[in-house]
Amino acid sequence: MIGCGQCGGARLNEQARAVTVASRHPRFNGQAKSLPEVCSLAVSDAVDFFGELELDATRQIIAAEVLKEIRGRLGFLTNVGLNYLTLDRTAPTLSGGESQRIRLAGQIGCGLVGVLYILDEPSIGLHPRDNDRLLDTLTRLRDLGNTVVVVEHDEDTMRAADHIIDFGPGPGVRGGEVVAAGSVAQICGEKRSLTGQYLAGDLQIAVPAHRRPTNDKWLKVIGAAQNNLKDIDSEIPLGTFVCVTGVSGSGKSSLVNGILVEALHRDLNKGDGEPGRHERIEGLQHLDKLIAIDQSPIGRTPRSNPATYIKVFDDIRKLYTQLTESKTRGYQEGRFSFNVEGGRCEACQGNGSNRLEMDFLADVWVTCPVCEGHRFNRETLQVKFKGKSIADVLEMDVQQALDHFQNIPKVRHKLQTLHDVGLDYLKLGQPSPTLSGGEAQRIKLARELVKKSTGKTLYLLDEPTTGLHFADIRMLLKVLHDFVDAGNTVLVVEHNLDVIKTADWLIDLGPEGGGEGGRIVAAGTPEEVMQAAESHTGRALARHLGVEREGGSDGEKEGLRDREMERTTESLPRSLSPSLRHAATTDGSPSSFGSNPNYSTAIRVKGARQHNLKSIDVEIPRDQITVCCGQSGSGKSSLAMDTIYAEGQRRYVESLSSYARQFVGQMQKPQVEHIEGLSPAIAIEQKHLGHTPRSTVGTVTEIYDYLRILFARLGKAHCPDCDVPIGTQSADEVIDKIMANPEGTKLLLMAPLEIQVGDNYETLWQELREAGWQRMRIDRVTHSVDDPPKIDRRRKHLIEVVIDRNVVRANNRSRIADSIESALSLGRGVLHVAYPVDDVAEENWPSEIHSQHFACDKCGRSFEPLTPHHFSFNSSLGWCPSCEGLGTQTGANTASLLRGPKLSLAEGAVAVWPEPENPYFRPLVEAFAAHTGVPIDVPFDQLNTRHRRLVLHGTGEDWIPVYPTLTRSVSEAATPTRSASEAVEGKRKTGQPLYRFQYKGVYPALEEASRLSPLLRGRLDHLVDQVECSTCGGSRLRDDAAAVRFRGRTMDEICRTPLGDLLKQMSGLKLAGSERKIAGELVREATNRLQFLVDVGLEYLTLHRGAPTLSGGEAQRIRLGSQVGSGLTGVLYVL
């Protein structure tokens, strides 16, 4: 990367670079600077520059708000110790500690109150000196009135906390419990708490009795000048444990990762590497390779696990292929791998579970119902070593596996390495994504232990204690020192004092970060570094070990005494001043504490000038309801909405990352001098919730979003045309279904072949002979492949290859399974099964079809698997192609064609049908219902989409028969003569229909009538309106999504149910175990939101109701209900 030749790296064009601003500060002496020049200043210099800008009266008015913000933000950066950074420093070059403190500075700058801050190991990458600043920042956030929750292993952070929750008692499956909760003293007093034992000093990481001496083998980096390094020479003694230390930004990463690692990758490992600026590196002849070990995952899918990573699973698979059962069946190593076809379960493809994408929720992994989580098919699981299948081995923890394979040296050796790094609790098949960073790191160390040591390896670890408990660090140090004892070199970049104190050699960079760093402050043993005057590491290490430094300041000596007092004051809250903490320990009783004096009890507005406000000062008590009243236009909304809400929302948006801010609209800064005590603000106004006709009550409350996932994951797909269930099945499921037949059932397993009319059948017969098949069925009759019958090429024939003839018995399962797999392969995912019956012609034998395809067995239509997106009418993936998700089209208004939506068809709901009293009405309606399946006793507005579409748009060209059994009263009423009655009775006995009729539907009939009669067309004009879409029936969805049913109901039926009734139905849902895992959270969220809507009096609405049709009051109650349902506290609501 080279600098731009046009702008010289300034990034702006020439015109923008020509604008300058001058400062009167003595350091700049009126010098004018452009924006790129100002950005090149360090934060400390920028503070001086903006402190005394040269501005006339007009420009001071213009710049007042801008300068206030700039100076405030510069002050926050200074307070968190980042005054050495330049404003144009790119974000990727910042250390982890610098990035975190910038974010924390921004949070303090927002000045929000009542916020819950959660930090995951914020001490990562921080020097002990920087850690003190971090703790001060967290304390300040707390004192503002916020709650701070920290996940941390750092001892200082634990001692600074007001409350500790300790988890354990062990790692992995041995943990998951709250061992202790309370103050530091309470944690120390809990015997089950391993953390407490380390905090109390009962357990500790000891300082080595002797440090390894240096020898004549050194690795030297000469003239290092990358980033802020000051042309330094660094010497690393080989064959020792070396730590590179220093404050954040001092140049550690530039030296180790930027220069040394890149050079060794290139020169030792013969890979790619671009070292940073340096003169040369000496001593490479003493090394043979570089191995960098980090905490990145060992794999990102459930297929990867500890056993596969250290290659022990390869040896176990080889062992299983040598068993007698495997040799008999001809199984190779691939049969025992869940990564390839053959032995794995194909329903889950060897995962043991299936991932269900839950759209905006976290994906759910559901145990495979076919293999029940074992990953392999039934035949593979029948091969066992010492009574354990390959799946049982993967379920063993390392300790169990060591005992199981104790007589297999190659396997035992690799398992022993996992035991040696303290991972004996892990299961061999534990998926990699579930491992912590520390566990992944130790598995990598175990993999290195498996290899034979050369004694010339350089192991590099960058902050290996990240995420590690005291006990984990102790185990890690043992492994690293074992590497060194074997003659290798371990180079660690680290801030953790427990690691630093065990090192043989330290290289301390500093003394500060940025431009004030980049030098080697001290190099030598930890004892020598502790005496270096400029070394912050030496100072922290001396305090940690309780060593008094030569020539140490009075402050350091006082710090040592404070360190000794910590154990007696550890039960006291950190919010106590030092004097109170001292008093509490001298008189033997803790002082009483009041509430935090810094906590804001009110929102204080000072100098509000928005709109017509006259620079007013207002105090609004927190946690209470405050009403602003007055005449219209007096300034109520100017204060509440345009000042308080606008500032609260603006500050919250500013607290987000720059990436998140681009998706959130930010309000302008109101004209106000200062507001303190603000919480994140939410405005609830009487305005329409939806701006598009696709917005519904379901979408704005997000209930529909939960239903989309529910239907996609637990709904039963139906064919829209045939109204029959459809589905797919794996080979194992087909095998289980066939084996479920009664013992002794005869089977004919066949693979169907597709051949087009007119194709040459002789070619097919020849291919079957060459493949070795003996029999085939043509039009349900078995023939020999060698003697096929003559058939008519101009007709369509059913051709089936007979794969096997067998009988259902337990001992035949393997053969049947192999035959089914062969049939599915030859039949391209389709299997035909015939069940021979004695004394019955073969063409009449019962048969069934099993398919691996997602298709309708009745009409053969294929479907794609549906995801939550296919149930969204806001997406082209899911909306009805005719109305594009609107659910309406221009046509005759349905309401004008009905006598009443609450009437059923039998009660005469359709106004253009005959009157119910008409003697022909009942038989016609019953015949229509028998033919279509439309219920005639259900209110019209409760019919599902398909049934309403049949009523309104007809049955096409179908002829509907009217049978005498349906027309007894009609016939007798219409034909009173004896001869006519006898004729009807005769047809009833023969089962012949009296007559047939075609039902074209209400809309087509009106359209046809208006086309034929201009007079009628004029009379029907008043009926034209926006009506339900004729394709989707108002469901808004594509036909296959609209046909999916959950507990027998479609999405449209659920969305048309009043919220009060829907709440009762959702509350009464009983989910099975697997269903509960998938949809438990979905049902709970949807039910809670329905409850809140009912609680605010909206039980009469439906999810299908369009949001633009809601009144202002309804819209506001929906928003208010959602806020109550969110359960948030400390929020500022403005109505």
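1. **Ground rules.** This is a predicted model, in which local features need pLDDT of at least 70, side-chain atom pairs count only at pLDDT 80 or more, and totals for chains, interfaces and linings use all residues. Residues are numbered from 1 along each chain as its sequence is written, and side-chain values use heavy atoms, with hydrogens and water left out.

2. **Two packed helices.** Two packed helices are described by the angle between their axes and the distance between the axes. Take α28 (residues 703–714) and α42 (residues 1073–1095): their axes are 9 Å apart, at an angle of about 155 degrees. That angle makes α28 roughly antiparallel to α42 (angles over 145 degrees count as roughly antiparallel). Helices here are DSSP runs (H or I) of at least four residues, and strands (E) of at least two, numbered from the N terminus. Axes are lines fitted to C-alpha atoms over the stretch in contact, and angles run from 0 to 180 degrees between N-to-C directions.

3. **What meets what.** On the α28 side, the contact residues are I703, Y706, I709, L710, R713 and L714. Their partners in α42 include I1078, L1082, R1089 and L1093. Contact means heavy atoms within 4.5 Å. The residues of this contact divide into twelve nonpolar, no polar and four charged.

4. **Aromatic pairs.** The whole structure holds 18 aromatic pairs. Rings of Phe, Tyr and Trp (its six-membered ring) pair if their centres lie within 6.5 Å; planes under 30 degrees apart are stacked, over 60 edge-to-face, the rest tilted. Y198 and F470 are stacked, because their ring centres are 5.3 Å apart and their planes are at 20 degrees. Y198 is in α9 (residues 194–199) and F470 in α19 (residues 470–485), so the pair ties together parts 272 residues apart in sequence. Y198 is buried at 9% relative accessible area, and F470 is buried at 6%. Buried means under 20% relative accessible area, with a 1.4 Å probe and protein chains only.

5. **A tilted pair.** F711 and F871 have ring centres 6.2 Å apart and planes at 55 degrees, so this pair is tilted. F711 belongs to α28, while F871 sits in the loop between β27 (847–851) and β28 (888–892), 160 residues apart. Both are buried.

6. **A cluster and a threonine.** Y320, Y331, F336, F385 and F405 form one aromatic cluster. F336 also touches T380, as do R335, G343 and I390, leaving out residues up to four places away in sequence. T380 lies in α14 (residues 378–381). Is T380 buried or exposed? T380 counts as buried, because its relative accessibility is 0%.

How values were computed
Buried < 20%, exposed > 50% of the residue type's maximum accessible area, 1.4 Å probe, protein only. Parallel < 35°, antiparallel > 145°, perpendicular 65-115°, else oblique. Nonpolar A, V, L, I, M, F, W, Y, C, P; charged D, E, K, R; others polar.
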